[in-house]
Amino acid sequence: MARKTKKPKTIWQCTACGATTRGWFGQCPSCHEWNTIEEQVERPAAGERVVLATPGASSEGAVVPVTAAQEQLADAQRLSTGIAELDRVLGGGLVPGSLVLLGGAPGIGKSTLILQACAGLVGVNDDHAHERPVLYASGEESIAQVAGRAKRLRGGSFTAADERLLLLAETRIEAILDAATARKPKALVVDSIQTVYSDAQDGLPGNIGQIRSVTGHLLSWAKSRAIPVIIVGHVTKDGQLAGPRLLEHMVDTVLAFEGDEERATRMLRASKNRFGSTAELGVFEMTSQGLREIPNPSEVFLADHPEEAIGSAVTASLEGSRPLLLEIQALLGPSPGGSPRRTCVGADPSRLAMLLAVLDRHAGLFVVDQDVFVNVAGGLRLSEPAADLAALLAVASSHLRKPIPRGTIAIGEVGLTGELRRVPRMEERLAEARRLGFRRAIVPSKSVPAGSPQEGLAIVGVDSVAQAVERAF
Ligand code: TYD
Ligand code: MG
């Protein structure tokens, strides 16, 4: 098709949020980031328009609506990656035609996780994708590097299923998609989005136009063939996905792979999931044989928990479908400056300020003039108000210089009037505490489970913060 070549139009666009502006601005008027407005060449590339083909729809442009019942996604169609922790965070496996973005800092283990998932995918002989290969396109490592790692992850020798793991060292998206189209894989992996570019777009790989164009290609390819695509993306030091926000808008699922440098523990969460909950947490350990799943994370997070220490309290937090025991530590000290500091790792400082005010007013512990440090052990984050009571008791313990007796767990939400509020799914939390050998649980009276008592676990129901402090020590 002959098209008149027009002078390419240039636009000004924010690399952080994708908003277009009328010219150069120091600060993006839309997302208020500084120095993110860049000039882009806008070229209406054919491959950039995303066509969501619906089976049965006419190709002439006439659209055929379907009823919702016709378009039900059977859970049975999901593909298992063979990694239970990953499947759970995805919402039960990979959905055909979905676009999944796996983000994480360089070196955290993204390629390792995906390579292990590929092994699972090729190893599972399901009805929908029997004997189909998985295509792993790497723009970062050579085939020899990827193959060497795959072999090491399998314990030194390939399996018969590995015949179906196809590797490609390529960074041109058109070439990757041609290869993928020819092989009809079960799943396609692109590692990483920042290294891949499209011929139809100007600019270096990793710039906003390229990322949008490449993701657009992958999106239309995935949707029209009902094949899942996993995209790996690097995040910058402050945890933002390097590249534009619009990448997160375009994909169906955004997974974040996190962990700290000192530990081998890695956590996988979904920050967006069109096909499942975003509350699930997957826990892994990085070993010399790759990532190992941790099905009982409480044991790992409590591994360093001292039996009886001043300023330490344990709670049970719900992470998606399962309860997780975690330790909260607090340290109080005199504040030299007169404006006391609140330093939180894994906890919300404004929630802490509220708890300190409640302790002061309703439990008679004058802590508001102290410097307070709160840390959630193991690199976890408190995500629920149910952790309030344990955080409050950890602070009280440090203030009173008394440890909470061994084997005690505290679960409850604290209200501004010093009352303890009901928390959901108490029985599951108590069962997890009992499984790990806890013998006493301090919980709101309203949440004491009726009926079957937890054998070996004494339940102490309390109504107020003052009562909780009194009973805990
Ligand atoms: P990698 O998956 O390459 O990280 P990413 O793709 O997120 O950049 O993992 C890199 C790190 O993981 C590397 O520092 C070595 C470590 N590692 C292990 O400890 N054990 C293993 O079996 C593998 C494959 C990697
Ligand atoms: Mg990598």
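A total of 20 salt bridges is found in the structure, which is a predicted model. Side chains of opposite charge can pair when their charged atoms come close.

One of these pairs joins Arg 154 to Asp 162, with 3.1 Å between the closest N and O atoms. Arg 154 and Asp 162 are both buried.

A further salt bridge is formed by Arg 274 and Asp 252, whose closest N and O atoms are 2.8 Å apart. Arg 274 is partly exposed, at 47% relative accessibility. Asp 252, in contrast, has a relative accessible area of 3% and is therefore buried, the cut-off for buried being under 20%.

Strand 9 and strand 10 also contribute one residue each to a pair: Glu 258 lies in strand 9 and Arg 269 in strand 10, so parts that are 11 residues apart in sequence are tied together. In this salt bridge between Glu 258 and Arg 269, the closest N and O atoms are 4.0 Å apart. Glu 258 has a relative accessible area of 28% and is partly exposed, whereas Arg 269, at 14% relative accessibility, counts as buried.

Salt bridges also link residues into a network, which comprises Arg 351, Asp 388, Glu 413, Glu 419 and Arg 421.

Methods
Residues are numbered from 1 along each chain as its sequence is written. Chains are lettered from A and ligands numbered from 1 in the order in which they are written. This is a predicted model: local features need pLDDT of at least 70, side-chain atom pairs count only at pLDDT 80 or more; totals for chains, interfaces and linings use all residues. Side-chain values use heavy atoms; hydrogens and water are left out. A salt bridge is a side-chain nitrogen of Lys or Arg within 4 Å of a carboxyl oxygen of Asp or Glu. Buried means under 20% relative accessible area, exposed over 50%, partly exposed in between (1.4 Å probe, protein chains only). Helices (H or I, at least four residues) and strands (E, at least two) are DSSP runs, numbered from the N terminus.
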